[in-house]
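Dear colleague,

Please find the structure below, handed over for your review. A summary of the findings follows it.

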Amino acid sequence: MAYKTILVHVDEAPHSAARILLAGELALQEGAHVIGVATTGISRFLYQNETVDDNDPNLARHLDILRERASHALADFAPRLQALGVQSFEQRILDDEPAAGLSLMARHADLVIVGQLAPNGRGPDVPAEVLAGSGKPVLVMPFAARTSSAIAVSSDGVASPGGPAPARHILVGWNASREAGRALQDALPLLRRADRVTVAIVDAEARPGVFGDPPGTDVLAWLERHGVMAKLVLAQSERMGLLKRPGNVGEQLLALAGERDCDLLVMGAYGHSRFRETLLGGVTRSVLDAMTLPLLMSH
């Protein structure tokens, strides 16, 4: 597994620069091609609607304004990558909604980088939609993310390949699910470069036999065969209510990441149906809402 094509969502949000930075750093380390995508927000299905008048001057004016905004969002894309020394990149404007357009383009990419939903919750939930629709690993940058690079660039424009991007200490949330296994596989390029990797299992005793004997044995052995030496943390969630149900695992993982000064969290997404998680809450939803560090998820 290698990231040879990295797709990054570029928009007018404050943390768009951080996404471009991360895509550039990864491209330098992986020898990857970067595609920056800005969308107009107009569904591509509009053009298939026979009731829409293609010659309507108001529609044309509206589309021009939206395309101009998308072009403005991309204005700093190339200069930022060139400043890092990235040689292979392109930018595109899509007449589509952000999540739908990115999900479609992701079919020809190895990794998708998007931004966390704004704290006010307004706008499309791009991370959740792309996770569900792309079929590819999604790296979500937090709303408050760094905008300065750890990679040095010489006066000749040559970047140092040994930068720490994007993670020195990675926390893996492991529940032995299909989604978690996919995320672990997808994260291998990052795990191999990390200084430290910690695998966290929450409430292992609730599912005896699933995690190996003792718990964590199997996943640590698999990682070691891939050249990743990881440490194990067995955590216990707080029991709540009369029935002593386990607390929110997502909150537990984020707390562990903060306590151990981790700079990337890796986990599977949507073990239950998206409808159920949206309605009742769940690990994926709670982490996406409260994350303050980059998050790599696979579904």
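This is a predicted model: local features need pLDDT of at least 70, side-chain atom pairs count only at pLDDT 80 or more; totals for chains, interfaces and linings use all residues.

Helix H9 itself spans residues 249-259, and its buried residues are Gly 250, Leu 253, Leu 254, Leu 256 and Ala 257. These cover an arc of only 155° around the axis, which means that they lie on the same side of H9. Glu 251, Gly 258 and Glu 259 are exposed on the face of H9 turned away from the buried side. The packing partners of the buried residues are strands E6 (169-173), E7 (196-202), E8 (230-235) and E11 (264-268), together with helix H11 (283-290).

**Nonpolar cores**

The largest nonpolar core has 49 residues, of which Ile 113, Leu 139, Ile 170 and Leu 191 touch the most other members. Helix H1 (residues 16-30) supplies the largest share of this core, 7 residues. Another core, of 37 residues, lies apart from it and has Val 37, Ala 109, Val 112 and Ala 257 among its members. Leaving aside residues up to four places away in sequence, the contacts of Leu 139 include Leu 22, Leu 26, Ile 113, Leu 264 and Pro 294.

**Ser 103**

Ser 103 belongs to helix H4 (residues 98-105). Is Ser 103 buried or exposed? Its relative accessible area is 7%, under the 20% cut-off, so Ser 103 counts as buried. Beyond residues up to four places away in sequence, Ser 103 touches Glu 129, Val 130, Gly 133 and Ser 134.

With kind regards

Terms used. Residues are numbered from 1 along each chain as its sequence is written. Side-chain values use heavy atoms; hydrogens and water are left out. Buried means under 20% relative accessible area, exposed over 50%, partly exposed in between (1.4 Å probe, protein chains only). Helices (H or I, at least four residues) and strands (E, at least two) are DSSP runs, numbered from the N terminus. The arc is that of the directions from the helix axis to the C-beta atoms. Contact means heavy atoms within 4.5 Å. A nonpolar core is a set of buried Ala, Val, Leu, Ile, Met, Phe, Trp, Tyr and Cys residues joined through side-chain atoms within 4.5 Å.
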